[in-house]
Number of protein chains: 2
Amino acid sequence: MQIAVVLFDRFTALDAVGPYETLGRLPGARTVFVAEHAGPVRTDTGHMAIVADRTLDEVRDPDIVVVPGGPGQTPQMENAVLLDWLRAADATSTWTTSVCTGSLLLAAAGLLEGRRATSHWLALDHLRRFGAEPTGERVVTDGKYVTAAGVSSGIDMGLTLLGRIAGDEHAQSVQLLTEYDPQPPYDAGSPLKAPAHLVEEFRSKSRFTPR
Amino acid sequence: MQIAVVLFDRFTALDAVGPYETLGRLPGARTVFVAEHAGPVRTDTGHMAIVADRTLDEVRDPDIVVVPGGPGQTPQMENAVLLDWLRAADATSTWTTSVCTGSLLLAAAGLLEGRRATSHWLALDHLRRFGAEPTGERVVTDGKYVTAAGVSSGIDMGLTLLGRIAGDEHAQSVQLLTEYDPQPPYDAGSPLKAPAHLVEEFRSKSRFTPR
């Protein structure tokens, strides 16, 4: 089984690494990081690069597609090479997934029409433009499409899908080995829980505005 | 302010990326990924590589040191180049931190003697060999040393230290933007919570045996 994690300039690292570290522990699976061009792909901060080991062309029919988000998603909304690849990969995939604004790329490729889906909380409403039905849940499964909310939610998505494919016990083993027993020092991880003035501040200057 | 994240062959990706994605959002900070040799460094699965943009030699006095763990930590316990660098960097650092078995590298460098510290649950007892006092807490601060438990705990560590340095509100903003509102599908993330037979199975075949 092949899991393709799609990279593009200015993606958000944890969006990609959360599913890699969890779903990637699927027995017998091989994860491959892919991008339009092979080589290092810089994250949104510019301070980190993950290597794309294969080009999109070299990975034609992955069993699972994982699309991260990040500020770099916006220009990719008009990248025909990536959108064509997503449509072609989706035609034969078993699961097509996203984290954060990665769902806007799936949506722009026409894959989420009529589907329930989620995204980063700042980008959620944009899903409607592409015929998807946004929901505030952290992980949303609709048919073979599994979308996750912002950044860190890819860990929950990865464990959820891992359990679905390999069974609860395997997913629990991965949770135990990654010691995923979250104890955030604050309870500010969603717009419903964070201080209202912070939510308002980020809404007013949202950088997640797809063209 | 400079944050150096140390890479070595077969590190665990999320150990490094958790702090990068949270602590790395410290205002005015620049994160740099460093390794003995510059270039791609492979993770424990072999399926992913993060680029070390600088050699250890090129980054002599980071303000914050972050040391991840992973199966590759074991051979590093005898790598004098790395241990010497850790001691030298620690001599001028403001904070010296680790995730997972990264704390065993700090301990092997002699930096945790007499300190309270944590590590991956399977490796916790090994801290004693180096004069550290293991604790089962997820994030442990003792002076300028901040150690985190297994893999995913680096996110909690990063937010904790971010709040300490930049204030609660900035850390809450980062938690909100990374949508860190964990909802794991299982409650199996610590040896106290996971099914006992899984804990026993991993203890019996533990791969975290430092030489």
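The end C-alpha atoms of residues 2-162 of chain A lie 14 Å apart, and this span is 27% helix and 26% strand, where helices (H or I, at least four residues) and strands (E, at least two) are DSSP runs numbered from the N terminus. An unreviewed UniProt entry annotates residues 2-162 of chain A as "domain: DJ-1/PfpI"; UniProt positions are given in the numbering used here, feature names are shortened, and annotations may be inferred rather than shown by experiment. The model is predicted: local features need pLDDT of at least 70, side-chain atom pairs count only at pLDDT 80 or more, and totals for chains, interfaces and linings use all residues. Residues are numbered from 1 along each chain as its sequence is written, chains are lettered from A and ligands numbered from 1 in the order in which they are written, and side-chain values use heavy atoms, with hydrogens and water left out.

**Relation between the chains**

- Chain B is superposed on chain A by a rotation of 180 degrees with 0.0 Å of shift along its axis, at an RMSD of 0.0 Å; the superposition is by least squares on the C-alpha atoms of residues with pLDDT of at least 70 in both copies.
- The two copies are thus related as by a two-fold rotation axis.
- B:Ile50 is the residue of chain B that comes closest to the rotation axis, with its C-alpha at 2.3 Å.
- The same surface serves both copies, since 100% of the contact residues of chain B recur in chain A; contact means heavy atoms within 4.5 Å.

**The sheet of chain A**

- Seven strands of chain A form an open sheet of mixed pairing, in the order E5-E2-E1-E6-E7-E11-E10; two strands pair if DSSP finds at least two bridges between them.
- Strand E5 (54-55) and strand E10 (139-142) of chain A are at the edges with a single partner strand each, so one side of each is left without a neighbour in the sheet.
- E10(A) runs antiparallel to E11(A), and four bridges join them; A:Thr141 has A:Val146 in E11(A) as its bridge partner.
- Helix H1 (residues 13-22) of chain A packs on the sheet and touches E1, E2, strand E6 (64-67) and strand E7 (95-99) of chain A, its direction making about 160 degrees with that of E2(A); axes are lines fitted to C-alpha atoms, for helices over the stretch in contact, and angles run from 0 to 180 degrees between N-to-C directions.
- Helix H3 (residues 80-92) of chain A also packs on the sheet, touching E1, E2, E6, E7 and E11 of chain A, at about 150 degrees to the direction of E6(A).
- In strand E1 (residues 2-6) of chain A, four of the five residues are buried; buried means under 20% relative accessible area, exposed over 50%, and partly exposed in between (1.4 Å probe, protein chains only).
- E1(A) pairs in the parallel sense with strand E2 (residues 30-35) of chain A over five bridges, and A:Val6 has A:Val34 as its bridge partner in E2(A).

**The sheet of chain B**

- Chain B has an open sheet of seven strands with mixed pairing, ordered E5-E2-E1-E6-E7-E11-E10.
- Its edge strands, each pairing on one side only, are strand E5 (54-55) and strand E10 (139-142) of chain B.
- Strand E7 (residues 95-99) and strand E11 (residues 145-148) of chain B run parallel and are joined by four bridges, with B:Ser98 opposite B:Thr147 in E11(B).
- Helix H5 (residues 153-166) of chain B packs on the sheet and touches E6, E7, E10 and E11 of chain B; its direction makes about 160 degrees with that of E7(B).

- A:Leu198, A:Val199 and A:Phe202 are the buried residues of helix H7 (residues 196-204) of chain A.
- Seen down the axis of H7(A), these buried residues fall within an arc of 100 degrees, so they line one face of the helix; the arc is that of the directions from the helix axis to the C-beta atoms.
- A:Ala196 and A:Ser204 are exposed on the other side of H7(A).
- Helix H6 (168-177) of chain B is included in what covers the buried residues of H7(A).
- The buried residues of H7(B) pack against helix H6 (168-177) of chain A.

- A:Val151, in the loop between strand E11 (145-148) and helix H5 (153-166) of chain A, has a positive phi of about 30 degrees although it is not a glycine.
- A:Val151 is buried, with a relative accessible area of 5%.
- B:Cys100, in the loop between E7 and helix H4 (102-108) of chain B, is a residue other than glycine with a positive phi near 60 degrees.
- B:Cys100 is buried, with a relative accessible area of 1%.
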